[in-house]
Amino acid sequence: MSTLDLSAQATTTDPVIAQVVRSRLVAITDQMRLALQSVSGSPTVTEASDFFTGLYLPDGSFATMGHQVTFEAPPVGALIRHLLGSGRALRDGDRIVGNDPFVGALHQNDLQMCAPLFVDGKLVAWAGVMAHETDIGGMDFASWSPKATEIWQEGLRIPAVTLVSGGELREDVLEMILSASRLPAQLGLDIRAFIATLNVAAERLVELCRRYGTDVVQTAMAAMVDDAETRLRRRLLEIPDGVVRTRDFLEHDGHTDKLYAVDLVLTKHGDRLTMDFSGSSGQAPGFVNCSRAGLTGGVAGALIPTLGFEIPWNDGLLRPVEIVAPDGLICTAVPPAPVGSATVETVWVVSNVVSGALNRLLAATPAYAHRAQAVSSGTMATFNLSGRNQFGEVFGLHLMDPLAGGFGAFASHDGQDAAGPINAPCPSIADVEVNELGTPLVYLYRRLAQDTGGAGRQRGGLGAEVALTISVPQAEALVMTHGAEVPNSAGLSGGLPGGLIRQSLATGIMRDSSESAHVADLLRGRTEADPRFANLGPKPGAFPITGQDVFAVTWQGGGGIGDPLDRDPDAVLADARRGVVSAAAARDSYGVVLTLAEGGRATGWDRAATARLRRQARADRLGIGADQVPETGRDLDPALPPAGLRAGERWLPFSDRLRAIRGTDGTWRVETVDGAVLATGSTRWRRGARRLALDLPERAGATLHEDLTVTGWLCPVTGHLLAVDVHLAGTEPLDDLDLSLDGRAAELALHA
């Protein structure tokens, strides 16, 4: 027997062999990524990160996944389960393609392909790949049609078609798919890249089975999923039980500027999570809906990176989760509802509310309070460009730059600038030069957008912004977003949301003066203050753009954590010196008085003036004189005993300035770190706080949707912000965290 052939010796219980096989399976998944990026001709794949690769158990559960887009993991599994349920005969060498949102895809642009992997005639596993395709047909370029009223007006739908049968490419099927696209060469190359990716997976898995034995490999794959489930359930037992309520909104369905809600009631009990979306809006007449596959993807997109730290990412992380939602909601749309923009609309907002709910639980957990995070990059503004280049050739671009939104702040540190959404753990965007080389796009700038990070004790990461024109006489732009009138990057514990999207167009701006002069103007200022730039709102749709026009967009920053008046003035000074926070925002949002040199450069901060300004700001919130507001200097470390703690009492961290305290008689109360009792017998503390109608900073709230309002909640003694709620005008904000104050909470509570 060869010394390299261990299959006869290996047993499924050998921990060393099992770990080697697990590592090889993860490596195969990354080799799939490399194959995909090596063959693909799409910048979405080669330069950016809007794709997925993974290996699946025979039943369609994903055992491994790449780290590109987390909400794309479950949909390929749905395609596999659709095939298994259909009773279709499967053969070695089959490659099945699909993109139907009502089968398993997120939207039609997300083309999927899966392969049954056989060893010695036995179905051992599946391999799956998925990527965003720039154009798959439909009434508008890029297959995103703001005016669509039914799915048949959108891109080609492929339920589950065998493209490669027993190793033989069906050229007629490929030709049919490519004929629907405005970019057949790019789509065709990506499809061949999918085939190559699955071929790599098949070859490597067969090699692995030949070396260690098919039973060993299958057992290792199943154990990976089981282990992830076990470890997550163990983690859930460290988190208090309770009910969390979060709600986010998206505006404009492509037809009217109506507001839609995604409503989540999350119940955590023991080692299980139930996520109920039944309170969400009904499905829309426009393309912002998502199907049930999108809902599942949105849940996975936030849950996997939020709770799956230090655990292998696979289907085991979703097993403790039950999703409840009736058909016909904006997040469970049924045919013939259009769903073309699902990924950047409702799926994204689902991730926002799941992220918000899970992080509220983490904030109340002693072991994980430091990991609590505000919402990251709550939207992705879409810019597509099409037309003919300088050679008369058809071109098309799906710009991935909007991934550069700001990361939400953590309880322990600031959010990273331009780090992207939580659902893209390893985001990447193309270099400016790559986009300019492949298309007639011309960048006037791509930079961090000042003051877009949500203000807080810990600041949200900044979003980026771009200004674009073209080097050909005319092209067509397709522009759409949510978050131009809704601050989706919600803050936590009194932190403010990140700034809103702003999309604007200046027509003819390059006509009368030299290009360099206009570029200099743009680089010096902010386009929202420039009357030449007209605000386009959330969904202007398709419009012509010329070489004399300039399109500009600013993306959302991440939400902040904690009252901005608690931020270290030295950190505000450092931000001002970097140019990421303006002197006006330092004063108005953070209460820090900077000392400025000639030219506006920050050189320091005035301690006495800052102390006076912050005290006055807290007094103004309460509507009292500054001399009536106590000085504060509490350490906000959640591991330190609260000020009002008595002998024998225990506590849970609750948020930045709130603690849930269990008295010696077993009664719970919610108390601020400064000793103000806001609730007794429950954690619904808002009834004991002072409410304040809040105006968001100009860059975050200038175009707030008319149906929304913002309420701040204050410590009634010190005037510190405890929470900030964006909610429907005329309705009461939600009691977001209602813990079960039972034995489990007492077991988890800290003691002095």
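The radius of gyration used here is taken over C-alpha atoms, and the globule rule that goes with it is 2.2 Å times the number of residues to the power 0.38. With 752 residues, a compact globule would have a radius of gyration near 27 Å, and the chain, at 27 Å, agrees with that. The structure is a predicted model, in which local features need pLDDT of at least 70 and side-chain atom pairs count only at pLDDT 80 or more, while totals for chains, interfaces and linings use all residues. Residues are numbered from 1 along each chain as its sequence is written, and side-chain values use heavy atoms, with hydrogens and water left out.

Along the principal axes, the C-alpha atoms of the chain fill a box of roughly 80 × 75 × 50 Å. The chain has 15 helices and 31 strands; these are DSSP runs, H or I of at least four residues for helices and E of at least two for strands, numbered from the N terminus. Of the 752 residues, 61% count as buried, where buried means under 20% relative accessible area, exposed over 50%, and partly exposed in between (1.4 Å probe, protein chains only). A contact means heavy atoms within 4.5 Å. Among contacts between residues at least 6 apart in sequence, 71% join residues at least 24 apart.

Gln474 is placed in strand 16 (residues 474-480). Leaving aside residues up to four places away in sequence, Gln474 touches Pro544, Ile545 and Thr546. The C-alpha atoms of Gln474 and Val164 are separated by 40 Å, and these two residues are 310 residues apart along the chain.

Charged side chains are the next topic. A salt bridge is a side-chain nitrogen of Lys or Arg within 4 Å of a carboxyl oxygen of Asp or Glu, and the structure holds 37 of them. In one, Asp227 pairs with Arg22, with the closest N and O atoms 2.2 Å apart. Asp227 lies in helix 6 (residues 214-236) and Arg22 in helix 1 (residues 15-39), so the pair ties together parts that are 205 residues apart in sequence. Asp227 counts as partly exposed because its relative accessibility is 32%, whereas Arg22, at 17%, counts as buried.

A salt bridge also joins Glu631 and Arg615, whose closest N and O atoms are 2.9 Å apart. This pair links distant parts of the chain, 16 residues apart: Glu631 is in the loop between helix 13 (607-622) and strand 23 (650-653), and Arg615 is in helix 13. Glu631 has 58% relative accessibility and therefore counts as exposed. Arg615, with a relative accessible area of 24%, is partly exposed.

Arg691 and Glu732 form a further salt bridge, with 3.0 Å between the closest N and O atoms. Here too the pair links distant parts of the chain, with Arg691 in strand 27 (residues 690-693) and Glu732 in the loop between strand 29 (721-728) and strand 30 (737-739), 41 residues apart. Arg691 is partly exposed, its relative accessible area being 43%, and Glu732 counts as exposed at 54%. Salt bridges can also be linked to one another: Asp414, Asp417, Arg459, Arg567, Asp575 and Arg578 form a network of them.

On a 1 Å grid over the protein atoms alone, a cavity is a set of points where a 1.4 Å probe fits but cannot get out, and a pocket is an open set with protein on both sides within 12 Å along at least five of seven lines; lining residues have an atom within 4 Å of a point. Grid points are joined across faces, edges and corners, and a volume is the space filled by probe spheres set on the points.

The largest pocket holds about 720 Å³ of space. It is lined by 38 residues, and the closest to its centre are Leu496, Asp588, Ser589, Asp695 and Pro697. Helix 13 supplies the largest share of this lining, 5 residues.

By this rule there are 3 cavities of 30 Å³ or more, and the largest cavity has a volume of about 390 Å³. Its lining has 26 residues, with Arg247, Arg360, Ala490, Asp725 and Val726 nearest the centre. Strand 8 (242-251), helix 8 (346-363) and strand 29 each supply at least two residues of that lining, and strand 8 gives the most, with 5 residues.
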